[in-house]
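I opened the model to see how the chain is packed. These are my notes, in the order I looked things up.

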Amino acid sequence: MSVHLPGELEALRELLDDWTSHQNFDMVVEIGEDRGLSHAQLCWEALERPPEPLVDTVCRCRSRGVHHSPHGVRQMADRLGVRVPAAEAADWMALTLGMNLLSSTYIGVPQARVLAEPLVALLGPDADWRANGYAARRPPDGGNRSWQPVTVYLVDAALVGIGGGRTVVAVATADD
């Protein structure tokens with residue numbers, strides 16, 4: 001039996017659709033059923049959907065040997081290398097949904113927290129969360145931010161969770 005109220009998931013999806021449509025940058029947020037896919041497979045599926053896929057299997061990089069975006073699920077798995085403790089997932093989600101990645105401003109984070117908390121709660125306290133680095137959050141050692149892009153954009157922040165029979169993929173992008 002679910003601990004969530006009837007209609008809660010649909011209401012959350014509507015709020016997320018409204019949030020993402022009013023941002024000044026591309027954002028993908030998907031909630032799904034756990035189908036036994038890896039974090040990388042979930043992220044790749046969410047980003048390859050038309051009308052504007054954010055991943056590409058063909059390299060369009062101008063520099064040789066250095067690939068900006070992953071070109072398949074295996075490379076996506078390498079990019080999603082940061083394990084996020086479930087207790088910190090709501091903070092990571094609020095930053096992913098609300099931070100302007102190019103200017104590093106946190107103006108939308110308080111509003112995004114209203115969405116982040118129920119999104120993370122949907123997967124439960126034992127969920128397994130992965131991120132592509134520290135584009136939206138300071139590293140634990142306080143050093144420079146680093147990340148491994150998961151899209152064709154210059155900067156992005158991805159957070160992917162699996163737990164409680166559900167999955168969540170959140171990816172915010174920025175390009176100058």
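**Entry 1: Cys-43 and helix H2**

I started at Cys-43, which sits in helix H2. I am working with a predicted model, where local features need pLDDT of at least 70, side-chain atom pairs count only at pLDDT 80 or more, and totals for chains, interfaces and linings use all residues. Residues are numbered from 1 along each chain as its sequence is written, and side-chain values use heavy atoms, with hydrogens and water left out.

Is Cys-43 buried or exposed? Cys-43 is buried, as its relative accessible area is 0%. I use buried for under 20% relative accessible area, exposed for over 50%, and partly exposed for in between (1.4 Å probe, protein chains only). Helices (H or I, at least four residues) and strands (E, at least two) are DSSP runs, numbered from the N terminus.

I then listed the contacts of Cys-43, leaving aside neighbours within four places in sequence. They are Met-76, Leu-80, Val-150, Val-160, Val-169 and Val-171. Contact here means heavy atoms within 4.5 Å. I also checked Thr-151: it is 108 residues from Cys-43 along the chain, and their C-alpha atoms are 9.9 Å apart.

Next I took H2 as a whole. H2 (residues 39-47) is largely enclosed by the rest of the structure, because 7 of its 9 residues are buried. Those buried residues are His-39, Ala-40, Leu-42, Cys-43, Trp-44, Ala-46 and Leu-47. I looked for what covers them and found, among others, E1, helix H3 (73-79), E3, E4 and E5.

**Entry 2: the whole chain**

I counted 5 helices and 5 strands. Along the sequence they run α-β-α-α-β-α-α-β-β-β. The chain has 176 residues, and 48% of them are buried. I took contacts between residues at least 6 apart in sequence; 65% of these join residues at least 24 apart. The chain exposes about 9500 Å², and carbon and sulfur atoms supply 51% of that. Those areas come from the Shrake-Rupley method with a 1.4 Å probe; for residues, only the protein chains shown count as cover.

**Entry 3: the nonpolar cores**

In soluble globular proteins, nonpolar side chains tend to be buried together. I looked for such groups here. I define a nonpolar core as a set of buried Ala, Val, Leu, Ile, Met, Phe, Trp, Tyr and Cys residues joined through side-chain atoms within 4.5 Å.

Which residues touch the most other members of the largest core? Leu-16, Ile-31, Met-93, Leu-97, Leu-101, Leu-119 and Trp-129 do, in a core of 39 residues. Elements giving two or more residues to this core are H1 (8-21), E1 (27-33), E2 (82-84), H4 (89-98), H5 (109-123), E3 (128-131), E4 (155-163) and E5 (166-174). H5 gives the largest share, 8 residues.

I followed up Met-93. Beyond four places in sequence, Met-93 is in contact with Ala-116, Leu-119, Val-120, Trp-129, Leu-159, Val-168 and Ala-170. I also found a second, separate core of 18 residues, which includes Leu-54, Met-76, Leu-80 and Val-150.

**Entry 4: H1 against H5**

The axes of H1 and H5 come within 11 Å and cross at roughly 140 degrees. Axes are lines fitted to C-alpha atoms, for helices over the stretch in contact, and angles run from 0 to 180 degrees between N-to-C directions.

H1 brings Leu-9, Leu-12, Leu-15, Leu-16 and Trp-19 to the contact, and H5 brings Gln-111, Ala-112, Leu-115, Pro-118, Leu-119 and Leu-122. I sorted them by class: 10 nonpolar, 1 polar and no charged residues. Ala, Val, Leu, Ile, Met, Phe, Trp, Tyr, Cys and Pro count as nonpolar, Asp, Glu, Lys and Arg as charged, and the others, Gly among them, as polar.

**Entry 5: loop residues**

Val-152 lies in the loop between E3 and E4. Val-152 counts as partly exposed because its relative accessibility is 41%. Leaving aside neighbours within four places in sequence, Val-152 is in contact with Leu-54, Val-55, Asp-56, His-68 and Ser-69. His-68 is 84 residues away along the chain, yet its C-alpha is 7.0 Å from that of Val-152.

Val-58 is in the loop between H2 and H3. Val-58 is partly exposed, at 42% relative accessible area.
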